[in-house]
Structures are given as C-alpha cells and as structure tokens.
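Please read them with the structure open.

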Amino acid sequence: MDLQITATDPEHPAALLDLPWSIPLEHWPEEHLVALPRGISRHVVRFARAGDEVVAVKEVGEWAAVREYGLLRDLDRLAVPSVDPVAIVTGRTAADGTPLEPVLITRHLNGSLPYRSMFETTMRPGTISRLLDALAVLLVRLHLNGFAWGDCSLSNTLFRRDAGAYAAYLVDAETGQIQPRLSNGQRDYDIDVARVNIAGELLDLEAGGSLHPSVDPVLFGQAIVERYGALWHELTRESVYPLAKRHYIDRRIRRLNDLGFDVAEMQIQRSPEGDAVTFLPKVVDAGHHQRQLLRLTGMDAEENQARSLLNDLETWMATQDDYAPGDPPPSSRLRSSKGYSHGARAEVLAHRWVRDVFRPTVRAVPRELRGSVDIAQIYHELLEHRWYLSERAQRDVGLEAAVEDYTANVLPNRPEAKPLDEQGELDEDSLT
C-alpha cells in the first residue's frame, strides 16, 4: 500500500512529505524533532516541525486514527477547546518493507503545557484549584455539545494561560463519542472517571514529591465533581427574564462569580416574552479584570471593582444595536444573538459606555458627598445599590433611581473626607 496523507488543509501534505515516514516514530532523527514537554500517553508521541508549524505526531491504529481525526474535526466545528486535527498518514512501511503503524497529526497548541510540566515547581493549592476549575469548564462544554469523553483526566488535557485566563483543551479524543444529547448516566460516568483519574494523578505527583503538602489528592478529585455539578446547574437551568427585570441577569452573573468563574460569553435572545440569557464561563487569574478594564477604559481599579464594572459594560454592550456577533468583547468573547448588521469594536463601545453611562452616572453624585471614595468604587456601589433596590422591588429600577436613592440614603452617612481631586486621585473628567 502506498503512503497516503489525508489532511484538512491542502497546504499540509507538501510540508508533511519531508518527514521520515519510513522510520518508526520512536526512532525519528533529532533533526526533525522539536523539544517540547510531553504528557503521559499510551502511544508513542513526538513533536516535529512541518514547514512553518510544529505538529504532534501520534502512532495509533488506523481505525482509531480515523475515528479520533473525525471526532477532533467535529469538536472544532462545535468550537469546543481541543487540539486541531491536521492529517492522518497511512500506508507507512519501513525500508525493509515492514508495515508501520499509521499516525494521527495534530497542531501543537502554542503556549500550552501538560499538567506534569506545570507541577515541576510545586504549585500552590489555589492554582491547582483554578486548573481543576478550567477542566470542569471544559467538561461542561463537552457535555453541552453532546460529547462523552470516556477518559477525562489531567493527562488527556493541555492547559494554557492567556492574559490571566486559564483554559483547558482536550488533547485525546480516542475514547470519546458524540451524540445529539447525553443522558445523566453518561455525564455521571464521565464525572466519576474524572474524579478517580485526577485523584490517582495527584497521588502519583505526591509520591514523586511534586505536590504541595497541603493538597489532599482524594479531596481534590472530589472537588471537580462538586464544581462541575454547581456549574452545570447554573448554566443549564432555563430562564427567561422579563425586560423590566434586568437585575435577574445580574443575579445569575453574581452566582457564577461566587462559584469562582467569570463570564466569557453572554448570549441574549430577545423575544416578546422577555430576554432569554445563557452564559459561557471561564477561569481567570488574579488581576485579570484590572488589566482588562485598564486596557479598555484607562481606569485603574481594584480587582473586584473592575469585575463589577466589566460585568456592567458587557451587559450594556449586548443591548447596543451596532454590536455584532463577531466583534471582540471587553474581556474575552461575548456574543448577542440579536443579529446586528453593523459592527463596532469593543474599545469603541467601551469608550461610549464611559462617555454615555459611567461618567454621567458618577457626575450625578454630588462631589461634596463622595468624600475620599474613588469614582470606580462609587460606580461599583451604585451597581450594588441598584441590584439591591431591584431585588426589593422585583423589577429593574434603573441607574437613575439607584443614584437618587444612593445619594439620599447612603452617602450622607459616610464620614466626611477631602474631595478626591484635592488628593490627586483619578477624577472622572480625566477619562476619555
């Protein structure tokens, strides 16, 4: 049988032809290989350079290679975080005519690491928790798209840190299957496999002295079950919010925040009955919201303040008629399903939000009542007060009513202090 390369991109076969397919993968010459960290695998895996790209090459049986190649292409179409399939190579033979195993080729995920490489220096428990949170997000996304993994583990996952966000990517789909909808039993099986595998992998790290002494592998294995369950419930319960009850959306965002997740994507479907809202979560590192708010608006706020302001900005953006589904969002990705035809960049919309929403709202609060409270904190407290009043009234009272009540009943009880502009602090007039 002649050598055959099946590729997703017509440019790949030419670059792949230069690789030594007549040599078993474990004996490939160093000149073709790229030194990158590899995770544990039941198959022989090597990183190689093909043209301008680095690819992962895995020797596997032909049936398994074709099946996994198809599954990875399906996951790519579903926009689920996973490695990109590049090609399958079959018909390999050694120089003496001995048949060699086919290979599956995937694109190397830039900036990603297998979990063992991340544990080369002892990780703090909080960082381990965020990685497990990222894995829980990945598993929820897979299940929402009808993908039963069958072998969820740290070993079958790559982790990447990007601008403060932690993301997990599926790297081994060999045991998976896609169905229109997963049963509770299928999801429970995946979760139980994840619990056992993670506990075992952490026990292995503990035996090798690479685990923080305060980390209990069994408890951390169980933690992903709890995080997955809470996240699945919060994301899948169906709700339609009446137009006058926007604070219900804020309540959902708060619950996600309390679970330790930020909103990476918000979808709003508008209908006569109200707004149907769904959320996509993400895991973020400390300081992420500060950096995003500073980049978009020029405001330097504390982390919790920044998250509050970004949440308000994202919700506001989703209601703007010139915000299109393909436009970049303030923090990561945010799409609205209203079908807008004209787009505006996130930075432009953020500038408009500062000009038309943030600045007028803050200016409505008398300077003499602000004292030493900075304007980001003032706006954050106004959002909190709006939410409180809306919950009490069971309808969205709006910012104007929140400012009026906040000014009349909250600020007068604050201790007097010098105005901010006398202390050299940020003044709202300086925002552009």
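1. With which residue does Arg195 form a salt bridge? The partner is Asp192, and the closest N and O atoms of the two are 2.7 Å apart; a salt bridge here is a side-chain nitrogen of Lys or Arg within 4 Å of a carboxyl oxygen of Asp or Glu. Both residues belong to helix H5 (residues 184–207), where they sit 3 residues apart, about one turn of the helix. Arg195 is partly exposed at a relative accessible area of 29%, and Asp192 is likewise partly exposed at 37%, where buried means under 20% relative accessible area, exposed over 50%, and partly exposed in between (1.4 Å probe, protein chains only).

2. On the basis of these notes: this is a predicted model, in which local features need pLDDT of at least 70 and side-chain atom pairs count only at pLDDT 80 or more, while totals for chains, interfaces and linings use all residues. Residues are numbered from 1 along each chain as its sequence is written, and side-chain values use heavy atoms, with hydrogens and water left out.

3. As for the overall build, the chain contains 13 helices and 13 strands, which are DSSP runs numbered from the N terminus (helices H or I, at least four residues; strands E, at least two). Of its 432 residues, 50% are buried. Among contacts (heavy atoms within 4.5 Å) with a separation of 6 or more, 63% are between residues 24 or more positions apart. The chain exposes about 20,200 Å², of which carbon and sulfur atoms supply 49%, the areas coming from the Shrake-Rupley method with a 1.4 Å probe and, for residues, only the protein chains shown counting as cover.

4. Side chains of opposite charge can pair when their charged atoms come close. A search of the whole structure finds 12 salt bridges. One that deserves attention joins Arg92 to Glu59, with the closest N and O atoms 3.0 Å apart. Arg92 lies in the loop between strand E4 (85–90) and strand E5 (103–107), and Glu59 in strand E3 (residues 53–59), so the pair ties together parts that are 33 residues apart in sequence. Both of these residues are buried.

5. Another salt bridge is formed by Arg227 and Asp133, whose closest N and O atoms are 2.7 Å apart. This pair links distant parts of the chain, since Arg227 is in helix H6 (residues 217–236) and Asp133 in helix H4 (residues 125–144), 94 residues apart. Arg227 is partly exposed, with a relative accessible area of 25%, whereas Asp133 counts as buried at 7%. Elsewhere, Glu53, Asp84 and Arg107 are linked in a network of salt bridges.

6. Is Thr157 buried or exposed? Thr157 counts as buried, at 1% relative accessibility, and is found in strand E8 (residues 157–162). Leaving aside neighbours within four places in sequence, Thr157 is in contact with Pro114, Leu135, Leu138, Trp149, Ala168, Tyr169 and Val171. The C-alpha atoms of Thr157 and Ser112 are separated by 9.7 Å, the two residues being 45 residues apart along the chain.

7. A backbone detail to check is Gln394, where phi is near 60 degrees, a positive value in a residue other than glycine. Gln394 is found in the loop between helix H12 (375–393) and helix H13 (398–409), and is partly exposed, with a relative accessible area of 34%.
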